[in-house]
Amino acid sequence: MILKEMSEPVFKRDSHGFRPGRSCHTALNEMKYTWAGIKWFIEFDIEGFFDNIDYQILLGLLQRKIDDGRFLKVIKKMLEAGYMEEWQYKPTYSGAPQGGIISPILGNIYLHELDCFVEDLIDSTDGARHRRNNPEYTKESNRVKYLNGKLRHAAEGSRAREMLLEEKRQTQRRMLDISSKDQYDPNYRKLQYCRYADDFVLGFIGPKREAEDIAEKIITFLRETLKLNISQEKSGIKHHAEIIRFLGYDITVRSHEKIVKTRVNGTQCKKRTVKGKMTLYIPEEKLQKFADKNGYGNWETLEGMHRWFLCQLSEREITQHYSAELRGLAQYYALAKHFSKALGKLRILWMRSYLKTMALKNKTSVSQIEATLNRGNYHAVRVWDREGKVKEYTLFRLKLINREKARSVEVDLPPFTFHLTSGTELQSRMNANKCEYCKKEGGYFEIHHERKLADIKDGKTKVERMMIARRRKTLVLCWNCHMLQRTGKLPDYRMELRK
């Protein structure tokens, strides 16, 4: 809290990682709306940033603002605390503790020096801040103004007015093929910068040799001042027509333009848009990796696969689990162009996996479960409470994402899915008189309890893997299942589902 109050007022606006009110989306939005016309991308990748933070440099930076030896000593002890591996203590000599609560802000304090250095580079970039006007475009623009003056005095319906209108149309068509600014102005320079934690990229308008000089200056600063090394394989300079990968998005500059009708000073005219604008795309390999990680099925053939572990949950929990997974990914990629089209293939595989899982849960066919859940233009599970009231749990749809409000700071938080599966309290689960493993109703029940989930993280038995999937340390079992569990002879519930 003290470090935050001390550092936030001086951090630069180009820093977006692990800061209140900022996120991946704010970084991407800044690039999307302010990096127009970029000619060169300068990419950097710091090798093992958090593992290679120099203690002496970091403490020196903190001493500039903190005049309290005891406070600095606490931070130093946290950095040098070491770690335990296989019950052996191992000291640390550099780097911030992985997962430490102060590691993100210490990383920002460390790289704040880089932000200041790049800001000085931007201010010292030699060249004009604005492109000069294109003489050819200015000539045609003045001609249109002259014709407008003539048209104001021309009689309605006269041949002279028709000739003036035709000449004006021809002139405006020529203007659409001419840039208003000199795109090859040798004096124009512009340098842009964006950083999220240790990921940062620069955009430059100017000669490539100057972009190379800027990259070399930054590499030298990182190596000599901050004692950080750059990965040569993942760093370099790319032309604006190429694609760069930043914060999980593929980013490029649009080379074609779109002509729209608008009104300027009361006069209707055509305007060129989007050319030179930054465009964000969803990498297909990210979607494929997401599908493989969650076990949706075959990405190439779009053959869905059931997830038998989720069959232990209720229909409501399965629906909420699938919805939370896709909603989290869709919310993050809400800034991408062709959002629905890009996620369409994943949604098909996701939907087929969901229907197969629900069909396996209910021991029925996919077509029958689809007809049961179909509510017209959406799918939902209906649950009746004790009072006989019906509540619907709707399956997520891409159209529910509000892409205009994709600036929320919550996008950095991974979606929690298993918190939706906590169902009922222990007493209510006991009162249900149903074994949560074999589904047997009535009889004598016992509670199988683990001290903590970390004790069963390897999931050696079927019950342990089931408890891990449901994020529960307790499981209501019938007497027979509990005895079999204790002796390690409990049959695999998957075999029962396949019958």
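How many aromatic pairs does a search of the whole structure find? The search finds 14 aromatic pairs. The model is a predicted one. The structure also holds 21 salt bridges, while the count of disulfides comes to 0.

**Aromatic pairs**

- A pair of aromatic rings is described by the distance of the centres and the angle of the planes.
- The rings of Phe44 and Phe200 have centres 5.0 Å apart and planes at 15°, so this pair is stacked.
- The Phe44 and Phe200 pair links distant parts of the chain, 156 residues apart. Phe44 is in strand β1 (residues 40–45), and Phe200 is in strand β5 (residues 199–205).
- Phe44 counts as buried, at 7% relative accessibility. Phe200 counts as buried too, at 2%.
- The rings of Tyr322 and Tyr354 have centres 5.4 Å apart and planes at 70°, so this pair is edge-to-face.
- The Tyr322 and Tyr354 pair also links distant parts of the chain, 32 residues apart. Tyr322 belongs to helix α10 (residues 315–332), and Tyr354 belongs to helix α11 (residues 339–362).
- Tyr322 and Tyr354 are both buried.
- Tyr322 and Tyr354 are also part of a cluster linked by ring pairs. Phe290, Tyr296 and Trp350 belong to that cluster as well.

**Charges over rings**

- Tyr322 has a further contact: the charged end of Arg307 sits over its ring, 5.0 Å from the centre.
- The ring of Tyr393 has the charged end of Arg316 over it, 5.6 Å from the centre.

**Salt bridges**

- Of the 21 salt bridges in the structure, one is formed by the side chains of Arg19 and Glu8, at 3.1 Å from N to O.
- Arg19 and Glu8 both lie in the loop between α1 and α2, so their bridge ties together parts that are 11 residues apart in sequence. Arg19 counts as buried, at 9% relative accessibility.
- Glu167 and Arg143 meet in another salt bridge, at 2.5 Å from N to O.
- Glu167 lies in helix α7 (residues 159–175) and Arg143 in helix α6, so the pair ties together parts 24 residues apart in sequence.
- Glu167 is partly exposed, at 29% relative accessibility. Arg143 is partly exposed as well, at 32%.
- The side chains of Arg189 and Glu210 form a salt bridge at 2.8 Å, N to O.
- Arg189 lies in the loop between α7 and β4 and Glu210 in helix α8 (residues 208–224), so this bridge ties together parts 21 residues apart in sequence. Arg189 and Glu210 are both buried.
- Salt bridges that share partners also join Arg13, Asp14 and Glu30 into one network.

**Cysteines**

- The count of disulfides is 0.
- The closest cysteine sulfur to that of Cys481 is in Cys478, at 3.4 Å. A disulfide needs the sulfur atoms within 2.5 Å, so Cys481 and Cys478 are too far apart for a bond.
- Cys481 counts as buried, at 6% relative accessibility. Cys116 is partly exposed, with a relative accessible area of 22%.

**Surface patch**

- Met84, Trp87 and Tyr89 make a nonpolar surface patch of about 490 Å².
- Tyr89, one of these patch residues, lies in strand β3 (residues 88–90). Tyr89 is exposed, with a relative accessible area of 51%.

**Loop residues**

- Phe18 has a positive phi of about 55°, although it is not a glycine. Phe18 is found in the loop between α1 (2–7) and α2 (24–34). Phe18 is partly exposed, with a relative accessible area of 45%.
- Ala197, another residue other than glycine, has a positive phi near 55°. Ala197 sits in the loop between β4 (190–196) and β5. Ala197 is buried, with a relative accessible area of 8%.
- Asn134 is in the loop between α5 (103–124) and α6 (135–153). Asn134 is buried, with a relative accessible area of 16%.
- Asn134 and Ser180 are 46 residues apart in sequence, but their C-alpha atoms are 5.5 Å apart in space.

Methods. Residues are numbered from 1 along each chain as its sequence is written. This is a predicted model: local features need pLDDT of at least 70, side-chain atom pairs count only at pLDDT 80 or more; totals for chains, interfaces and linings use all residues. Side-chain values use heavy atoms; hydrogens and water are left out. Patches are made of residues with over 30% relative accessible area and no salt bridge: like charges are joined within 9 Å, nonpolar side chains (Val, Leu, Ile, Met, Phe, Trp, Tyr) within 5 Å. Accessible areas come from the Shrake-Rupley method with a 1.4 Å probe; for residues, only the protein chains shown count as cover. A salt bridge is a side-chain nitrogen of Lys or Arg within 4 Å of a carboxyl oxygen of Asp or Glu. Helices (H or I, at least four residues) and strands (E, at least two) are DSSP runs, numbered from the N terminus. Buried means under 20% relative accessible area, exposed over 50%, partly exposed in between (1.4 Å probe, protein chains only). Rings of Phe, Tyr and Trp (its six-membered ring) pair if their centres lie within 6.5 Å; planes under 30 degrees apart count as stacked, over 60 as edge-to-face and the rest as tilted. A charge sits over a ring if NZ of Lys or CZ of Arg is within 6 Å of the ring centre and within 35 degrees of the ring normal.
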